[in-house]
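Here's a quick briefing on ring pairs and helix packing. Have a look at the structure first, then the notes below.

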Amino acid sequence: MRAWVFPGQGSQHPGMGEGLLDRFPAECAAAERIIGVPPARLCRDAEGEYLGRTRYVQPAVFLVSVLAARAALADGRPPPEVVAGHSLGEYAALHLAGCLDFDSALSLVVRRGRLMESVTGGGMVAVLGLPLSRVTELLAEIPDVDLANHNLPDQFVLAGSTAGIRAVVDAVRRLGTGRCVPLAVSVPAHSRFMAGAAEAFAVALRDVAPGPPSIPVVSNVTASPHVPGEIQGTLLRHFVEPVRWWDTMCLLARSGVTEPVEVGPGEVLTKMWRRAAGSLPPPAPGGPLALAAPVPPPAPSTPVTPPAPATPVALPAPAAPPVAGRSVPVAPGPAAGPPPAAASRPRPAGSSGLRSDYGIRYACLAGSSPFGVTSPAFLRRLSEAGLLGFFGAQGLAPPEIRAALAELRGVRRYGMAWTSGGDERALCDLYLAHDVRQVEVTGPLAVVSPQLVRFRHGDGPRQLLVRAPDLATAVRFLRPADPATVRALTAAGHLDGVSAGAAARGPVATDVAVERDAHALVPALVALRDREAPGARIGVAGVGTPAAVAAAFALGADFVVTTTVNQCTAEAATSDAAKDLLAALDVTDVREAPDPDLFELGARSPVAHRGTLFAARAEELYRMFLRYDRLADVGPRRLAELERTHFGRPLDEVRADLGVAGRDDRRALASVCAAYCREATAAALRGTPGQRLNYRVPASTDVGAFNRLVSAEPLAVWRARHAELVTERLFSEAI
């Protein structure tokens with residue numbers, strides 16, 4: 001099988017493209033218009049002003065690679081049957097396969113290079129001679145570093161903060177095996193630190209509709225062929241997820257590729273393949289079948305039909321560039337700055353049905369935050385502005401929920417969070433008695449309980465929003481209720497014939513918003529919805545910028561949900577100290593930390609990392625839980641330190657409060673460790689003096705992204721961030 005591979009940044013050298021540029025004057029003229037520099041001057045770089053800068057390197061390498069491919073085809077070289085590109089090289093591969101026309105692909109590359117160059121304050125380092133298992137251990141020990149490239153079994157590139165890169169070098173030196181080669185870049189590419197650049201890149205992608213590939217194009221993100229209709233989302237993931245080149249080479253080898261042809265400047269990929277040749281897998285039976293493009297997974301109850309073998313399609317004639325079905329050139333624009341003026345394009349409407357059902361102006365809902373942080377005052381402010389949010393009932397006792405409902409009497413539009421695990425029948429009775437019309441379900445353990453079905457369908461249909469952290473949760477709520485549940489509710493008189501029929505036929509949820517991996521899950525869920533759950537709406541939760549809203553709608557979402565950004569509003573019922581901390585966050589200041597409710601299971605949830613030591617201290621307790629079976633094994637010296645740093649009081653008091661004073665087993669150890677997480681949450685909510693370093697403040701990158709967005713505006717001060725102004729700012733630009 002013939003494969004062509006395209007190199008990425010790092011393959012450039014002065015004088016590249018010599019002999020090519022003169023053969024393609026039309027393409028060079030277009031490139032000069034898009035890049036702003038004549039290609040001959042750019043590639044020659046006689047004075048060293050271009051090929052050391054990301055914003056110029058990326059379009060230069062793309063141009064030389066594409067022209068080299070066209071020259072090869074024009075000279076009669078057999079076209080490839082599969083293509084792939086390393087990082088930047090993937091854009092050349094997508095162009096050659098007909099997904100993007102020349103102008104659109106080059107414009108995207110120009111924008112990509114400028115955005116990546118604008119991200120500073122980090123770096124990258126190559127780690128050589130260590131296995132993946134040891135590199136994974138390093139990443140677990142050093143929180144500010146991510147895997148950026150997996151090139152060979154013993155060759156990796158890590159990206160992260162400057163301090164994190166130094167820590168990697170020191171750690172490898174201490175190991176005595178392997179070595180590090182710091183790279184001369186200040187861009188932590190393919191890592192979480194590129195999240196802000198990815199959001200800005202979504203604006204460029206909104207005007208590009210990639211066509212289906214004429215031949216398989218292997219994605220860096222998935223190490224499998226691009227799926228038509230999902231290319232935009234995968235290119236967004238490319239900013240923050242690693243380049244899986246080793247997996248790509250393995251896929252090519254299994255498919256019968258003996259040695260790919262490298263097209264473009266240099267021989268980096270050729271040398272990599274030859275070095276890996278002895279470790280690559282042999283061809284699989286029916287090798288080309290491995291390159292059939294995947295399809296979104298069907299519902300679990302649907303039998304899986306193997307896809308038909310992929311049949312390579314002849315490439316367009318060399319004389320004419322391949323053209324996507326509808327691809328609009330993207331102006332390069334500046335590396336940073338606001339989107340175009342609001343008058344230039346219509347604002348996204350989202351689902352008109354959702355706006356009608358909830359009685360709101362924008363297709364945007366304000367999600368709940370536990371412990372009443374999204375307060376009655378917060379909901380009232382939204383309602384008066386023609387918007388709707390959900391009260392954070394999670395973690396509150398029934399009397400506190402009743403008090404909130406009493407305070408909400410007279411508020412025209414609001415919703416309530418559904419609290420699972422307690423007396424759900426009493427909760428349902430309470431909500432029905434107060435004529436609550438909308439509820440929100442959150443969390444990885446959310447289940448379709450009988451009382452939730454009763455609320456949804458009893459006494460007329462109501463709105464049920466689910467914030468799904470994964471595909472399984474979303475699918476669970478996009479299906480009809482269990483027939484046995486419907487029969488039991490009908491027999492008890494909670495459902496009449498009409499509502500029982502609706503429960504048996506339609507999805508449990510009216511609206512499902514994914515909280516993670518929207519780029520992959522939204523298209524899959526839209527397809528599932530269209531096939532099995534007509535009428536349900538798919539959304540994205542956790543948006544913090546107009547660009548994020550635009551990206552959600554570009555993926556096919558019907559609505560968006562604001563989440564942790566709601567905590568940093570004037571009406572949020574958390575402490576001023578917690579809001580001060582949230583308002584200072586950047587997009588990189590969030591870290592996964594042990595979750596207090598699922599501590600023993602090792603579950604994690606995102607929290608603020610800057611301004612607090614909670615994440616590090618909670619992680620320390622979790623490692624202690626894994627290592628020891630009881631508190632007595634920890635040792636008196638370490639326990640005394642925990643009393644001083646974590647709890648601020650004797651552990652005997654903590655154990656007494658937990659009811660485990662007379663026990664010293666593994667369950668007691670877990671209870672004490674989880675208690676720290678809960679006390680840290682309470683300290684942040686109350687703003688407890690002297691405990692700031694222990695504050696547990698739930699946060700996601702949406703907070704940091706919003707902070708960046710409004711850094712030069714009045715909303716930079718959280719006291720000016722009234723509940724409705726967050727939504728209005730997200731929809732205030734042409735997105």
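F614 is buried, with a relative accessibility of 0%, and that's a value from a predicted model.

**The F614–Y676 pair**
- The two ring centres of F614 and Y676 sit 5.6 Å apart with the planes at 20 degrees, so this pair goes down as stacked; the cut-off for that label is under 30 degrees.
- F614 belongs to helix α23 (residues 614-627) and Y676 to helix α26 (residues 666-686), so the pair ties together distant parts of the chain, 62 residues apart.

**Other aromatic pairs**
- A pair of aromatic rings is described by two things, the distance of the centres and the angle of the planes.
- The count of aromatic pairs comes to 12.
- One of them is Y50 with Y56, an edge-to-face pair at 5.0 Å centre to centre and 80 degrees between the planes.
- Y50 has 7% relative accessibility, so it counts as buried.
- Y56 comes in at 16%, which also makes it buried, given that the label needs a value under 20%.
- W418, Y431 and F455 are joined into a cluster by ring pairs.

**Helices α5 and α8**
- Helix α5 (residues 102-118) and helix α8 (residues 195-205) have axes that come within 10 Å and cross at roughly 160 degrees.
- That crossing makes α5 roughly antiparallel to α8, since the label applies to angles over 145 degrees.
- The handedness of the α5 crossing over α8 is right-handed.
- On the α5 side, the contact uses L108, R111, R112 and L115, and these meet A197, A200, F201, A204 and L205 of α8.
- Sorted by class, the α5 contact with α8 holds 7 nonpolar and 2 charged residues, with no polar ones.

**Helices α4 and α9**
- For helix α4 (residues 89-96) and helix α9 (residues 231-240), the axes come within 12 Å and cross at roughly 165 degrees.
- So α4 runs roughly antiparallel to α9.
- Here the crossing of α4 past α9 is left-handed.
- E90, Y91 and L94 from α4 make the contact with I231, L235 and H238 from α9.
- By class, the α4 contact with α9 has 4 nonpolar residues, 1 polar and 1 charged.

Technical notes:
Residues numbered from 1 in each chain as written. Predicted model: local features only at pLDDT ≥ 70, side-chain atom pairs only at ≥ 80, totals over all residues. Heavy atoms only, no water. Axes fitted to C-alpha atoms, helices over the stretch in contact; angles between N-to-C directions. Helix = DSSP H or I, 4+ residues; strand = E, 2+ residues; numbered from the N terminus. Parallel < 35°, antiparallel > 145°, perpendicular 65-115°, else oblique. Left-handed = near helix turned anticlockwise from the far one by under 90°. Contact = heavy atoms within 4.5 Å. Nonpolar A, V, L, I, M, F, W, Y, C, P; charged D, E, K, R; others polar. Phe/Tyr/Trp six-rings, centres within 6.5 Å; stacked < 30°, edge-to-face > 60°. Buried < 20%, exposed > 50% of the residue type's maximum accessible area, 1.4 Å probe, protein only.
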